[in-house]
2 protein chains.
Amino acid sequence: MTTSTSATSSERRANRHSGRQRGTGFKFVDRITPIESTLKPFEVLDGDAVEKIHKASMRLLKDVGILIVDYPAASETFRQNGARIEHKGSAQLVKMDEDTVMNWISQAPATFTQLARNPAKSVPIGGKHIVFSTVYGPPFVIDLDRGRREGTIEDFQNFSKLAYMCEHIHHNGGTLCEPNDVDVKERHLDMLMAHILYSDKAFMGSVTHKENARDSVRMCEVLFGADRIRKNPALISLINASSPMRFDDRMFGALEVYALAGQAVLVTPFLMAGAMSPVSMAATLAQQNAEALFGICYAQMLNPGCPSIYGSFLANIDLRSGAPCFGTPEDSLALYGGAQMARRYHLPYRSGGNFTASRIPDTQAGYESANTLMATILGGVNFVLHAAGWLEGGLMSGYEKFILDHETLGMAARLAKGISTDEEDFAWDAFAEVEPGGHFLGSAHTIRHYETAFYQHSVFNMDNYEKWEAEGSVDSYKRANGVWKQLLREYQQPALDPAVKEQLEAFVTARRAEIKSGKLIRA
Amino acid sequence: MTTSTSATSSERRANRHSGRQRGTGFKFVDRITPIESTLKPFEVLDGDAVEKIHKASMRLLKDVGILIVDYPAASETFRQNGARIEHKGSAQLVKMDEDTVMNWISQAPATFTQLARNPAKSVPIGGKHIVFSTVYGPPFVIDLDRGRREGTIEDFQNFSKLAYMCEHIHHNGGTLCEPNDVDVKERHLDMLMAHILYSDKAFMGSVTHKENARDSVRMCEVLFGADRIRKNPALISLINASSPMRFDDRMFGALEVYALAGQAVLVTPFLMAGAMSPVSMAATLAQQNAEALFGICYAQMLNPGCPSIYGSFLANIDLRSGAPCFGTPEDSLALYGGAQMARRYHLPYRSGGNFTASRIPDTQAGYESANTLMATILGGVNFVLHAAGWLEGGLMSGYEKFILDHETLGMAARLAKGISTDEEDFAWDAFAEVEPGGHFLGSAHTIRHYETAFYQHSVFNMDNYEKWEAEGSVDSYKRANGVWKQLLREYQQPALDPAVKEQLEAFVTARRAEIKSGKLIRA
């Protein structure tokens, strides 16, 4: 094919100077554009099925109940707000009827905005918006050069830098990897500082202890102002059920701190169907619904109107080996079904990402990740944790995977724009200009839309075999290796008011001293 | 996780003897189960947009016209059936109004069945059915051991064997690869024999010349009986427009032979947006609609009621380099939109597959293939060419890619089943049996559904990093290499009536002699 028309030649010359064509083709853009999808969500459940799942979850909450472990204060809050309590040893089984559940759920807002320290990067949560965040929680990291190893604070900082530099990552996330080289008691402080100092995007709070949640809120009060974060949350924090049908003191303790401070909670049942839930998707969705609504009820009891996200982390195990599977057809169906349930209650929905069970970014990883991400977009997920970097069922943060996933997020953003059918989109002048059997590349219509017509790849490569082979037969894994290194080389730290930085550092220094002295810890 | 309950242990022992757990884990199943999707198709166009695209395509057919090159007989048929003809040198520009087009289109059946020589493998086309066929047309083949090379008849036969052995491949396809070591004039005979002898699934006819189409029909008359294939087609054949807005003698000559013999035609515009169509998807869909309907009109004029499929092969070019791109967001949107257009006319729809621009099955190939396949399933495609084996924009048939794609077809089949919400699916006994925080693997409900609950992977691998590393860090590309070799080793040819085989061989021998002598060729 030829690109020899003068207009396109000049376009190509222009591109050579734009930075996109140099080196790996990856360009840093200091901007985010949270997605507002034009697509009508794909649905796998008809209205009857949605109601059946709703009713089943209400029956679970009324008759089976949810166990609260080691946190009687939470059970007492439930009791005072309409629940029945049964004591099971030191734990309490909490049961609620539908009216009570629905009353509390109706208090939660359908949409809210999470603040970022760069106001242009604050993110809208809910409605038709899709926000991409990073992989959360892996103990290990992997890259092509060094293989798998325990994550360190340097890795954490690197991922914070990469999240900052990738335009389709809208949100910096939380535990980018476990910084195993930092004392576990102080680790949350280092992680929060890495989010704040190396990026200017929104981030998540610590949930490893109630006191760590308090530190997260205090640091945001310094960064944003205490009044400001009471109007719009500066934190979204991940509250997992210890499924099936159970919450513990660690998670409900953190939830309490965040809810009382008006910070957003992301209540997510942790479901591997076949292990933590039944093997059938209908039952699993009913259980997920019961657990998610239960956690959101608690937030609303503590602080009616508290921004709350209906979370879904739902995969299945291989029944033969017990191994977790990702990107499966069952996962996709459940993701779509979960979205329908969240919409039934007018709650923002968290699910999806770029999931895979594979250990390296091989073909399997590509297929599985794309399966999940496609469901994420078409299902209408609002907040997407694990959108970049996930490997081995979440046990590893992958440097190359992060970059490859990021490409797919850019593609997803384009997909969500749908098909425009304005008069200009019918290209009547092009059909008049181009003869049967002719070529549209040089047409005036193409030239008018050259810059925005198609998604432009930054890492995926379209070269033919001959060119590809001549340039060293570089597969996408290796290409991504060059990209993250380039990004870290070119990285420039975003500015932060020195007074604020000083205050934050003073807070962290004081808290480290308290923690080392044993004071106020596990208070 | 543990699988130590006695029930699951015995299941696992049973599995060890079933063949699934041995070697690569891949099991030959001599059966196909064409998919009948329970999912409501995903739609990207509202009703207004569908009508706008319809009206735009009608305007293209009425005012711009389609050029027929070197085949005046076809133009004459159009003229006799309501079209206006304008002469353009030796070609004719054919213009039709909406009423004429819609009248002919309404003659085409909404569904039909294509015969396979194994009657249990005949395939339903249209409605909610999804039929997976193989990669079509690559001049090259590639495998991990030998790299890229020109395809040979041995490769063609190998792919026919693999198609036969893979249960989620419902249809053997057509040009599995170009057998470059066979004289181009006789090649179609060798390809047809490879489909017939090495598999028992349905296949496609030759379109390289009118006379080759006649040979295809004659061989099916021998194989199925002349009367039988007049009631149900034994061939589906791929008629490409030489887009934009043009058909030639080769394709319309073949279409004529097939339509007159009552064999199915698959009319497919060949569109790389930005090159063969405008850069906007609305205009591209309108052009595709015009070209596809035009070809189907011709089939209906020749033989009203001729089984006809509305084809879409629609990707886009990288405007910077002119390189074809696959698995892009624009492709997916167009695939969904095209399905909506085909449904508007109650025509079976062909599109999708496992497309990639990548040269090897790397991460990019996985992402891009899954993107296309997901749209294929959710969009409601009926006939899926290129469902397995496609690499480098269709220039290579990949042995490993074929196996990896096949895994995704199995997953797609499960996806299309949707979520069942019968009483048993709510697993009430499991919730009664499993305590909060407990484990569902050993529950009676899990045991009842153990065999069918989840899609069981045959090539993708869920092992954790330690096990995976201990077993040689085998990525999915390498794993697939073991599988296709195992399949070819274990391959056993399906039986064929010796009298029929003899008749076919006699026909082929006679035709080879005629072709070599120059008789009847290009008649």
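**Helices, chains and sheets**

Mentor: Let's start with a helix pair in this predicted model. The axes of helix α9 (residues 249–260) of chain A and helix α10 (residues 281–302) of chain A come within 9 Å and cross at roughly 45°.

Trainee: Which word describes how α9(A) lies to α10(A)?

Mentor: The axes of the two helices cross at roughly 45°. Angles under 35 degrees count as roughly parallel and those from 65 to 115 as roughly perpendicular. The angle therefore makes the placing of α9(A) to α10(A) oblique.

Trainee: Is the crossing of α9(A) and α10(A) left-handed or right-handed, and which residues of α10(A) make the contact?

Mentor: The crossing of these two helices is right-handed. On the side of α9(A), the contact is made by A:F252, A:L255, A:E256, A:A259 and A:L260. Facing them from α10(A) are A:G295, A:Y298, A:A299 and A:L302.

Trainee: How many residues of each class are in the contact of α9(A) with α10(A)?

Mentor: A:E256 is part of this contact, and Glu counts as charged. A:G295 is part of it too, and Gly counts as polar. By class, the contact has 1 charged, 1 polar and 7 nonpolar residues.

Trainee: Which helix gives the most to the side of chain B that touches chain A?

Mentor: The contact takes 105 residues from chain B and 104 residues from chain A. The side of chain B divides into 58 nonpolar, 31 polar and 16 charged residues. With 10 residues, the most comes from helix α12 (residues 363–379) of chain B.

Trainee: Which strands stand at the edges of the open sheet in chain B?

Mentor: The sheet has 4 strands in the order β9-β8-β21-β20 (chain B), with mixed pairing. Each edge strand has a single partner strand, so one side of each is left without a neighbour in the sheet. These are β9 (147–150) and β20 (390–391) of chain B.

Trainee: And in chain A, which residue is the bridge partner of A:V141 in β9(A)?

Mentor: Strand β8 (residues 140–143) of chain A and β9(A) run antiparallel and are joined by 4 bridges. In β9(A), the partner of A:V141 is A:R149.

Key
Residues are numbered from 1 along each chain as its sequence is written. Chains are lettered from A and ligands numbered from 1 in the order in which they are written. This is a predicted model: local features need pLDDT of at least 70, side-chain atom pairs count only at pLDDT 80 or more; totals for chains, interfaces and linings use all residues. Axes are lines fitted to C-alpha atoms, for helices over the stretch in contact, and angles run from 0 to 180 degrees between N-to-C directions. Angles under 35 degrees count as roughly parallel, over 145 as roughly antiparallel, 65 to 115 as roughly perpendicular and the rest as oblique. A crossing is left-handed if the near helix is turned anticlockwise from the far one by less than a right angle, and right-handed if clockwise. Two residues are in contact if their C-beta atoms, placed from the backbone, lie within 7 Å. Two strands pair if DSSP finds at least two bridges between them.
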